[in-house]
Amino acid sequence: MRDWDTLLADCQNCTACSLCRTRTNVVFGRGDRASKILFIGEAPGEQEDLSGVPFVGAAGHLLDDLLLSVGLSREKVYIANILKCRPPNNRDPLPEEQDACLPFLREQTALLQPRIIVCVGRIAAAKLIDPGFKIMRQHGQWFERRGVLMTAVLHPSALLRSQSNRPLTYLDFVDIAERARAEGIL
Ligand code: SF4
């Protein structure tokens, strides 16, 4: 298994799928490499591609607010995406792109050894929890996969479009923080 620096360097030079031709920056992931809480989104958007940082812009600010409202923060968790390069025009990641990029996330997960994984949005939940995952019905539910507690929340971009879903997402974040405290990792 590669160490963090080697994995980062390999990711930044990756040409395993066609997204390497349109990216500005690889968005590898950010946060505390010692954290036991891993948040995983689907792919970088425009602001992420420009900055190289996951979850910036309006959706990222909303994620920050949700984290802070329950005593979490970017500094206390690790945040990554399934895809490390932006799909053009923010289209959904293609299955072959996800498969090409997933080894990076798998190695990040192996290095982190998280106790809790939070899938941010329906695409991450479908890829990592259950292909038939219904985000509106199953967000906030807990699953155990190979000793890791997994849950999913609505994507902050979706919350920007539908503000009425913010209270239920806040409750999901409250539950995540409570679970983390119960597990002794926060
Ligand atoms: S999206 Fe992933 S697999 Fe595709 S070029 Fe970027 S780093 Fe490589």
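Me: Two residues are in contact if their C-beta atoms, placed from the backbone, lie within 7 Å. With that rule in hand, what covers the buried residues of α8?

Reply: The cover includes β2, α3, β4 and β6. Keep in mind that this is a predicted model.

Me: Which residues of α8 are called buried?

Reply: Asp172, Phe173, Ile176 and Ala180.

Me: What makes them line one face of the helix?

Reply: Look down the axis of α8: the buried residues fall within an arc of 100 degrees, so one face is what they line. The general point behind it is that an α-helix has 3.6 residues a turn, so residues three or four places apart point the same way. On the face turned away from the buried side sit the exposed residues Pro167, Arg181 and Ala182.

Me: How do you know that the span of α8 agrees with its number of residues?

Reply: The 17 residues, at 1.5 Å a residue, should span 24 Å, and the end C-alpha atoms of α8 are 24 Å apart, so the two values agree. Just past the helix, Gly184 has a positive phi of about 75 degrees.

Me: And α3, what should it span?

Reply: Its 13 residues should span 18 Å at 1.5 Å a residue, and the end C-alpha atoms are 18 Å apart, which agrees. Buried in α3 are Ala59, Gly60, Leu63, Leu66 and Leu67. Viewed down the axis of α3, its buried residues fall within an arc of 120 degrees, so they too line one face. Leu68 and Ser69, which are exposed, are on the face turned away. The buried residues of α3 have α7 (156–161) and α8 among their cover. After α3 comes Gly71, with a positive phi near 85 degrees.

Me: Which residues touch the most other members of the largest nonpolar core?

Reply: Leu38, Ile40, Ile117, Val118, Cys119 and Ala124, out of 48 residues in that core. Elements giving two or more residues to the core include β2 (37–41), α3 (57–69), β4 (116–120) and α8 (166–182). Setting aside neighbours within four places in sequence, Ile117 contacts Leu38, Ile40, Leu128, Val148 and Met150.

Me: What makes β1 and β3 a pair?

Reply: Pairing needs at least two bridges, and two bridges join β1 to β3, which run antiparallel. In β3, Ile79 is the bridge partner of Arg30.

Me: How do you know that the radius of gyration agrees with a compact globule?

Reply: For 186 residues, such a globule would have a radius near 16 Å; the protein has 15 Å, so the value agrees. Its C-alpha atoms fill a box of roughly 40 × 35 × 30 Å along the principal axes, and 42% of the 186 residues count as buried.

Me: How many helices and strands are there?

Reply: Eight helices and six strands. Of the contacts between residues at least 6 apart in sequence, 71% join residues at least 24 apart.

Note on methods: Residues numbered from 1 in each chain as written. Predicted model: local features only at pLDDT ≥ 70, side-chain atom pairs only at ≥ 80, totals over all residues. Core = buried A, V, L, I, M, F, W, Y, C linked by C-beta atoms within 7 Å. Buried ≥ 20, exposed ≤ 12 C-beta atoms within 10 Å, placed from the backbone. Helix = DSSP H or I, 4+ residues; strand = E, 2+ residues; numbered from the N terminus. Expected span 1.5 Å × (residues − 1). Arc of directions from axis to C-beta. Rg over C-alpha atoms; globule rule 2.2 N^0.38 Å.
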